[in-house]
Amino acid sequence: MTLTLYNTLTRRQEPFETVEPGKVKMYYCGVTVYDYCHLGHARACIVWDVVRRYLQFSGYEVRYIQNFTDIDDKILNRAREERSSMEAVAERYIKAYFEDMARLGIKEADEYPRATHTMNGIQRLIHDLENKGYAYPADGDVYYAVRQFADYGKLSGRKLEDMQAGASDRVNIEDAEYQKKKDPFDFALWKAAKPGEPSWQSPWGAGRPGWHIECSAMVRDRLGDTIDIHAGGADLIFPHHENEIAQSEAVTGKPLSRYWLHNGMVKVDGEKMSKSLGNFTTIRDLLDRGVEPMAVRLFVLQAQYRKPIDFTDEAIAAATNGWHTLKEGLLFGYEYGEKLGTGELGAPSGDKGQWGLGNGEISEANPFVQRFKEAVDDDFNFPGGLAVIFELAKELRREGNIIVHEGKTATPAEELRQQWQTLVTLAGVLGLEAKPEEEKPASNSLSDSEIEDLIAQRQAARKAKNFAEGDRIRNELQAQGITLIDSKDGTRWHRN
């Protein structure tokens, strides 16, 4: 089995071969920190988190870098609205980012460089571009001369002549920035300081960097001239990633990245997510209203990572049901280990006990492992990997039902232990984890009829536009381990 990836640059699926054998240098274009992360961020961060996990599972040593864009017009606008500072806004939303990602089970990157902490590297790269004839100063700004880079457009497949033909109606020749450029396609590497905005001293005067140069400099500073994987959302292919290539490769003469990977976008009920449409959902809003983090992960991983996905109430309800099936299998060892006469209930990885997970190692000769790897090695086919995991989970759930109803099972305990450990390990590669304490019922848990009564009260309150009372009832149920899922067909509920 050989891992093959679809490379946006070559538009084909290729065997994965790293610059340095056994090691992967991976960079993900992270978030601009001016607001809370939304569903699109959730998808991207889950996808690249699992890609990293799978590469490590496959034996690679992975160095994973994810940046923060902490200077940007959107951040400055938010600071003005709040009568705050760029630094204060960025710090608040970086803190919120880590809170949201922790709830989704996202492993932290090895490093999170920031644009404002990479100013020396940014200026050095601009200086190198200027010396090589790819950049020119203009009244305090510095621009990249796009036509100097012969390969411009190779990532996106766009040609300058085609873009020029369609741009005539969109160009404002009176615009001050347009007048500074030698060519309409040139883009800013450095922007002259404006009154009231943060700025840094440079050879071209006080100012701040353009967005594209920031990532080029951070990749170069942290990972070197050529990396193995450059990842991001499909909306970044042009112009951001195209411009990164032009900047970096013009200086080094080497490929910026061997593989360019891009995740598809998220729609909500078939429409593009936007605040103007009222369908903009942040990660924390979604989780605070009772959707389980692991159900969100499952929803994301059930789709091919390069394709768009549509977030609907029905889709998240289906993912929640799927997660409950998987969770039953993941908790099998904790619940039935002792009943099978094999000692204590399973313990978390590293703890003692015959049904403990030990070091999590499983044999590559295991047919489930082989099928899992065969699926996922095909351009990170996570849905195919999930099919293998669900097969294991459903088999363990069936065995659990036999134990409950008959008090025993004909399947050897050791075979069940191996199946369980295989399930837990493979699910963990996808970041899908369950803890036994989640299944401990509260001593004063509500009956089904009491739950239905409270849901009816909530629906009556919402119909009367008493949304505060509706939220109070939802929060009361959530506190007692009851999750509500609203959909067009009504309200479903389940015990956590």
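Which residue is the bridge partner of lysine 191 in E8? The partner is arginine 208. The views below start from that pair.

The model is predicted: local features need pLDDT of at least 70, side-chain atom pairs count only at pLDDT 80 or more, and totals for chains, interfaces and linings use all residues. Residues are numbered from 1 along each chain as its sequence is written, and side-chain values use heavy atoms, with hydrogens and water left out.

**View 1. Four strands form an open antiparallel sheet.** The order is E5-E6-E7-E8. Strands (E, at least two residues) and helices (H or I, at least four) are DSSP runs, numbered from the N terminus. Two strands pair if DSSP finds at least two bridges between them. Strand E5 (135-138) and strand E8 (207-209) are the edge strands, and each pairs on one side only. From one strand to the next, the twist averages 20°. Strand E7 (residues 187-192) pairs with E8 in the antiparallel sense, over three bridges. Lysine 191 and arginine 208 are bridge partners here. Strands of a sheet pair through backbone hydrogen bonds, either parallel or antiparallel.

**View 2. Three strands form an open sheet with mixed pairing.** The strand order is E12-E11-E13. Strand E11 (residues 266-268) and E13 pair in the parallel sense, over three bridges. Valine 266 stands opposite isoleucine 309 in E13. Helix H1 (residues 39-57) lies across E11 and E13. H1 runs at about 145° to E11. Such angles run from 0 to 180 degrees between N-to-C directions, and axes are lines fitted to C-alpha atoms, for helices over the stretch in contact.

**View 3. Aspartate 288 and arginine 103 meet in a salt bridge.** The N to O distance is 3.0 Å. A salt bridge is a side-chain nitrogen of Lys or Arg within 4 Å of a carboxyl oxygen of Asp or Glu. Aspartate 288 lies in helix H9 (residues 283-288) and arginine 103 in helix H3 (residues 86-103), so the pair ties together parts that are 185 residues apart in sequence. Aspartate 288 is partly exposed, at 46% relative accessible area. Arginine 103 is also partly exposed, at 35%. Buried means under 20% relative accessible area, exposed over 50%, and partly exposed in between (1.4 Å probe, protein chains only). The structure holds 38 salt bridges. Side chains of opposite charge can pair when their charged atoms come close.

**View 4. Aspartate 221 forms a salt bridge with arginine 124.** Their closest N and O atoms are 2.9 Å apart. Aspartate 221 sits in helix H7 (residues 211-223) and arginine 124 in helix H4 (residues 119-131), so this bridge ties together parts that are 97 residues apart in sequence. Aspartate 221 is partly exposed, with a relative accessible area of 33%. Arginine 124 is partly exposed too, at 41%.

**View 5. A salt bridge joins arginine 474 to aspartate 486.** The closest N and O atoms are 2.6 Å apart. Arginine 474 belongs to helix H17 (residues 467-479) and aspartate 486 to strand E14 (residues 482-487), twelve residues apart. Arginine 474 is buried, at 9% relative accessibility. Aspartate 486 is partly exposed, at 23%. E14 is mostly covered, with five of its six residues buried. Six bridges join E14 to strand E15 (residues 490-495), and the two run antiparallel. They form a hairpin with two residues between them. Aspartate 486 stands opposite threonine 491 in E15.

**View 6. A network of salt bridges links five named residues: Asp35, Arg78, Glu81, Glu82 and Arg92.**

**View 7. Helix H15 (residues 413-429) packs with helix H13 (residues 367-376).** Their axes are 10 Å apart, at an angle of about 15°. The two helices are therefore roughly parallel (angles under 35 degrees). Phe368, Val369 and Phe372 in H13 meet Thr422, Leu426 and Val429 in H15. Contact means heavy atoms within 4.5 Å.

**View 8. Helix H11 (residues 313-330) crosses H15 at roughly 130°.** The axes come within 9 Å. That makes H11 oblique to H15. Oblique covers the angles left over once those under 35 degrees (roughly parallel), over 145 (roughly antiparallel) and 65 to 115 (roughly perpendicular) are set aside. Leu326, Gly329 and Leu330 of H11 make the contact with Trp420, Leu423, Val424 and Ala427 of H15.
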